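Here is a briefing on a two-chain model. Look at the structure first, then read on.

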Amino acid sequence: MALPQAKQDVTEARIAALSLPEGGWAEPARREALARVRAMGLPNARDEYWKFTRPDTLVSAEAPAARVLETGEAPLFDSRDRLKLVFVDGVFSAEESDDLSLEGVTIDRLAEAKDIHWAKELYGTLEARGQEPVARPLAALNTAFATDGLLIHVTGKPSKPISLIYRHVSDSSDAILHHVIKVDAGAEATILENGPAAARFNKCMEVDLAAGARLHHVRAQGRDHERRAATHVFARLEKESVFKSFTLSVNGAMTRNEVVVEFTGDDGVAHVAGACMGDGDFHHDDTVFVTHDAVNCESRQVFKKVLRNGATGVFQGKILVKPDAQKTDGYQISQSLLLDEDSQFLAKPELEIYADDVACSHGSTSGAIDEDGLFYLRARGVPRGTAEDLLTIAFIAEAVQEVDDESLQEDLVERVAGWLARRRG
Amino acid sequence: MLEIKNLHVKLEEEDKQILKGVDLEVEAGKVHAIMGPNGSGKSTLSYVLSGRDGYEVTDGSATLLGEDLLDMDVEERAAAGLFLAFQYPVEIPGVGNMTFLRTAVNAQRKARGEEEMSSADFLKVIRARAKELKIDAEMLKRPVNVGFSGGEKKRNEILQMAMLEPKMCILDETDSGLDVDAMKLVADGVNALRDEGRGFLVITHYQRLLDHIKPDVVHIMANGRIIKTGGPELALEVEQNGYADIMSEVA
């Protein structure tokens with residue numbers, strides 16, 4: 001079916017502004033992805049999954065400028081022992097990064113990887129699988145045009161987290177990164193991501209978990225107020241594998257985070273969680289799609305949004321349980337804490353279940369600070385501002401607790417406390 | 001200590017007068033009890049003194065150690081030494097009991113210009129106090145009052161009182177929902193805090209709590225006023241004859 005002309009024009013204009021990296025093992029996958037983009041067209045406001053979030057600034061040929069924020073604060077995770085891998089405006093910086101060697105993992109740059117590579121099997125494969133039944137054209141665009149990224153093959157249990165650090169230095173940077181992560185049977189790793197990355201950032205991460213593999217993913221999207229980001233995580237889980245992903249987002253003019261999870265082996269566990277803090281000209285969208293296509297798998301989606309001063313939060317979460325996915329345990333909760341009457345939260349929870357022996361629950365709420373809790377804290381001498389902050393941090397706790405490592409939880413909460421404190425002056 | 005004069009209070013959102021001229025003075029070192037039938041205004045008195053929203057003072061005054069309570073924010077009243085043990089302690093999911101207490105203790109100290117308590121000192125004190133109230137380490141770690149039984153919630157109120165060391169304690173129906181053993185434990189906790197420099201106002205429906213916390217003065221409240229004041233024997237009279245006799249006698 002031909003695309004509407006307007007959509008085709010926007011799509012071609014965006015493609016024309018990019019150049020497809022030629023040669024090497026990834027080129028066939030890139031060309032296929034480009035064909036997918038042309039077939040789907042880039043999103044517009046008429047698309048079912050873009051009704052709450054205007055895609056204009058994410059699909060425009062030119063990236064809207066975004067001023068770099070100088071916080072003077074040490075970046076998150078700075079004090080931890082980790083393998084540092086730094087990208088500056090979307091370009092890998094060998095100079096600022098640690099040596100790529102760490103026991104239990106091999107890491108290559110997408111831009112430099114040798115001709116024959118394990119990643120050839122995966123690059124664009126999970127993204128392509130994730131295009132059904134809901135189109136994700138920005139992810140296909142990413143596969144076609146990504147200029148950099150890392151190919152991470154976890155073969156054992158690396159002794160420290162692999163930390164991807166994204167620095168934003170130019171007001172006009174427009175970065176497209178694509179990472180592929182393959183975790184072998186029984187292997188386990190933690191991936192950290194933080195920083196604002198670029199004025200506009202399109203990032204795709206494909207994660208393939210073999211039997212019994214475990215991956216912990218903890219991400220913090222940086223504080224720059226005007227940055228824009230569209231990110232995708234595609235995870236495929238084989239038997240008894242575990243994938244846990246948590247994202248903290250503060251500020252940013254436009255953020256669309258999509259997570260697509262597919263259980264292909266029995267007894268898998270996937271937890272996808274997020275907390276975001278938005279103020280004023282802030283739009284944050286979590287779109288999650290979990291497909292249960294195996295027996296006895298557990299999925300959790302826990303999303304909390306704190307919104308003030310006219311900020312907007314969106315949640316679109318789906319659990320699809322295929323006919324043979326018996327004993328599925330699916331849970332989904334999305335909640336917003338509206339700190340004033342100008343902010344809004346738009347939620348679309350969806351369950352689609354074809355198996356008969358499953359337990360799936362979902363809920364979505366919006367509310368203000370609990371007045372009874374506030375009075376109780378104040379009656380014990382806690383000043384109103386501190387009491388509101390405590391209750392706000394308590395509100396996001398259920399999401400933060402999805403991070404297994406307690407010291408990481410503390411780091412994340414400290415950032416949220418800082419964000420709240422700055423707003424009290 | 002606590003001086004209430006001619007206090008008139010109405011509901012903010014409707015034209016309903018709840019307190020119609022309450023006069024009461026609680027001296028340091030004394031325990032006063034207020035008894036009265038449902039709807040007499042006992043709980044309203046405790047809320048107005050602690051600063052809860054929804055009430056409007058239309059006349060009268062309330063001072064703590066000479067300072068105008070009604071002019072202070074909720075947290076200022078607490079820092080000035082007022083403590084309300086809630087009838088229904090609030091559950092606060094996500095906030096650890098210990099974090100809550102340390103934040104409260106140090107916020108009050110800071111407000112009074114005192115030095116904050118170190119984590120080590122705080123731990124030492126809270127462990128000792130918690131032990132006396134049979135509150136285990138697990139309860140201290142859990143979110144404030146979440147999943148606590150009725151008795152645990154009330155013991156947690158008394159633990160807060162013990163940690164904050166207020167000058168004036170108001171206990172709002174602390175006996176409600178408690179079995180005899182739990183009531184004894186709570187009463188022991190309160191008695192341990194009785195001190196020359198501290199005043200207590202114990203609000204209750206029943207005489208039984210006053211068997212354990214022996215009051216110096218008993219007031220009977222009805223229809224928004226204190227209608228009779230006497231010694232501990234007044235509580236026994238209520239227990240035997242109910243409120244109707246006293247109310248008709250006064251009327």
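**Where the chains meet**

Chain B and chain A bury about 1,900 Å² between them, 68% of it on carbon and sulfur atoms. Buried area is the accessible area (1.4 Å probe) that two parts lose on being put together, summed over both. This is a predicted model: local features need pLDDT of at least 70, side-chain atom pairs count only at pLDDT 80 or more, and totals for chains, interfaces and linings use all residues. Residues are numbered from 1 along each chain as its sequence is written, chains are lettered from A and ligands numbered from 1 in the order written, and side-chain values use heavy atoms, leaving out hydrogens and water.

**The interface**

- In contact (heavy atoms within 4.5 Å) are 27 residues of chain B and 18 residues of chain A.
- Three salt bridges are counted between chain B and chain A; each is a side-chain nitrogen of Lys or Arg within 4 Å of a carboxyl oxygen of Asp or Glu.
- E75(B) and R378(A) form a salt bridge through their side chains, at 2.6 Å from N to O.

**Backbone details**

- A cis peptide bond joins E132(A) to P133(A), with omega near -5 degrees.
- N309(A) is not a glycine, yet has a positive phi of about 60 degrees.
- N309(A) is partly exposed, at a relative accessible area of 47%; partly exposed lies between buried (under 20%) and exposed (over 50%), with a 1.4 Å probe and protein chains only.
- E165(B), also other than glycine, has a positive phi near 45 degrees.
- E165(B) is partly exposed, with a relative accessible area of 47%.
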